[in-house]
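This report goes through a protein chain part by part. Please look at the sequence and the structure first.

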Amino acid sequence: PRGGENENEGHDGNLDQPITEVIAEALSLAEAWQNHRAETVRGVKVASEEAMQRAQETMQDDLYGLSGACTELERVEREEGELRRQMRNRDDPYPYWEGGADSEGGTGKDVVKRVLHLSWVVRCRLRSVAALEGQLNAAVRALLVASEELLAGVSAVPYFPLRGESDRLGRFRQLLGDQKREQRQIKRKERELQNAIEDSPSERQRAEVARLERELEEIREAARENEFPERIREERVALLSQARRLFPELLWEGGDFLRLVRLDVQDIAQPLLQTGILLQARPSDLDFSDQRVISEPGPQSGSQALVSEIADREGTLWILKRYEIAAEAAARHFYRQVEMVHELRHPHIVPVHAVWQEGTQGFVQMPQYLGGDLGSWMAERPREGGRDPEVSLRIAEDLLSALSFLHQKGKVHC
């Protein structure tokens, strides 16, 4: 690995430590740190929710105490913002850190440095080992993969990249910049060509138009070979997937990471923004509770969504569908389908109440109808003698009415 001369300073003892203990220490430290961060995030969210609840109750019961409640709410929001900043910079406190001389704990950067140092120790030890078999090999591979993901995910501290991996986030920024420069170059050349065409049609001007057309075609051909859209899509999916596995706090709405990596909802869901059903920065874990999973995504359910029954803060039951939309194609398909369903207003088609995105997941909120689904209704009533003919006829008419409406709109239900 690359790094400074003193990258093992203060940790020489690890070179004599059994390699299995080094690996176990690194994996245990990384897991404990991530669990601590997740618990801290949950605590901040609970405090924010409780402060909001107290402010609402004070507004209803004690207007004189509203100022104090609002002050507390502002304090909790500031603390939440400070925690986000600390976690982005890996400055968040880790009280269980034992690597320093004092007893005040360490920070995320200390943990990352320690894990990366232990992986360096493993590499040094492997140079003197001819072969390792079985479980030891598997443990070493797991440690190296975990170390690479930890470094590539955010590049928390300036340290050596494992296996020559460069900063993935830096590559993504570079791709975005190169694509913008390429697009500006094409637009500039198109304007030059249009101006040349609009000038007087002299022999000299016709030659200039021909030259500009050739240059524009060369630039467009180079753009096709660069394949920036495809490469950006691949990096975007990799970054979002890596963040979800290793650093879920990066996926908070309004954060710098999501603004850079995720597709802008303005680009892919502009029509929905005008309907009022597309919500911004909605936290589903705070707005809903008592989740009961109805069906998982997969071939058996015939759905790409996790479908749940869930209750809002007032106790009203809803159906919540959750989709994975990390890829650009999946995100565009998600918003396109929601837009289509929202436009289909019919008494026997379930409407969309709200739609929003959290990190790499898209959510659709729909009303919960307590009558159940048709399959359960039919299963509970045998065909012979178990169904009321009038009820069966009414259900059939309602279904056919909805299907006929879909066909009139040029849609097919599969």
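## A buried histidine

Leaving out neighbours within four places in sequence, H342 is in contact with T275, I277 and V352, where contact means heavy atoms within 4.5 Å. H342 is part of helix α12 (residues 328–343). With a relative accessibility of 11%, H342 counts as buried; buried means under 20% relative accessible area, exposed over 50%, and partly exposed in between (1.4 Å probe, protein chains only).

The model is predicted, so local features need pLDDT of at least 70 and side-chain atom pairs count only at pLDDT 80 or more, while totals for chains, interfaces and linings use all residues. Residues are numbered from 1 along each chain as its sequence is written, and side-chain values use heavy atoms, without hydrogens and water. Helices (H or I, at least four residues) and strands (E, at least two) are DSSP runs, numbered from the N terminus.

## Helix α6 and the residue after it

Helix α6 covers residues 203–226, which is 24 residues. From its first C-alpha to its last it reaches 35 Å, close to the 34 Å expected at 1.5 Å a residue; the expected span is 1.5 Å times one less than the number of residues. Which residues of α6 are buried? They are Q205, V209, L212, L216, I219 and A223. The buried residues of α6 pack against α5 (168–198). An α-helix has 3.6 residues a turn, so residues three or four places apart point the same way.

E227 follows α6 and is found in the loop between α6 and α7 (228–246). Most residues other than glycine have a negative phi. E227 is not a glycine, yet its phi is positive, about 50 degrees. E227 is partly exposed, with a relative accessible area of 43%. D290, in strand β3 (residues 288–295), is also a residue other than glycine with a positive phi, near 55 degrees. D290 is exposed, at a relative accessible area of 64%.

## Paired strands

Two strands pair if DSSP finds at least two bridges between them. Strand β4 (residues 306–312) pairs with strand β5 (residues 317–324) in the antiparallel sense over 6 bridges, and L306 stands opposite R322 in β5. The two strands form a hairpin with 4 residues between them. In the turn, G315 has a positive phi of about 90 degrees. On β5 there is a further pairing: 7 bridges join β5 to strand β7 (residues 361–367), and these strands run antiparallel. Here K321 has V364 in β7 as its bridge partner.

## Salt bridges

A salt bridge is a side-chain nitrogen of Lys or Arg within 4 Å of a carboxyl oxygen of Asp or Glu. By this rule the count comes to 18 salt bridges. The table gives some of them.

| Pair | N to O distance |
|---|---|
| E39 and R42 | 2.7 Å |
| R224 and E217 | 3.0 Å |
| R313 and D287 | 3.7 Å |

R313 is partly exposed, with a relative accessible area of 40%, whereas D287 is buried, at 19%. E39 and R42 are 3 residues apart in helix α1 (residues 19–61), so they are separated by about one helical turn. A network of salt bridges links K189, E192, E208, R211 and E215.
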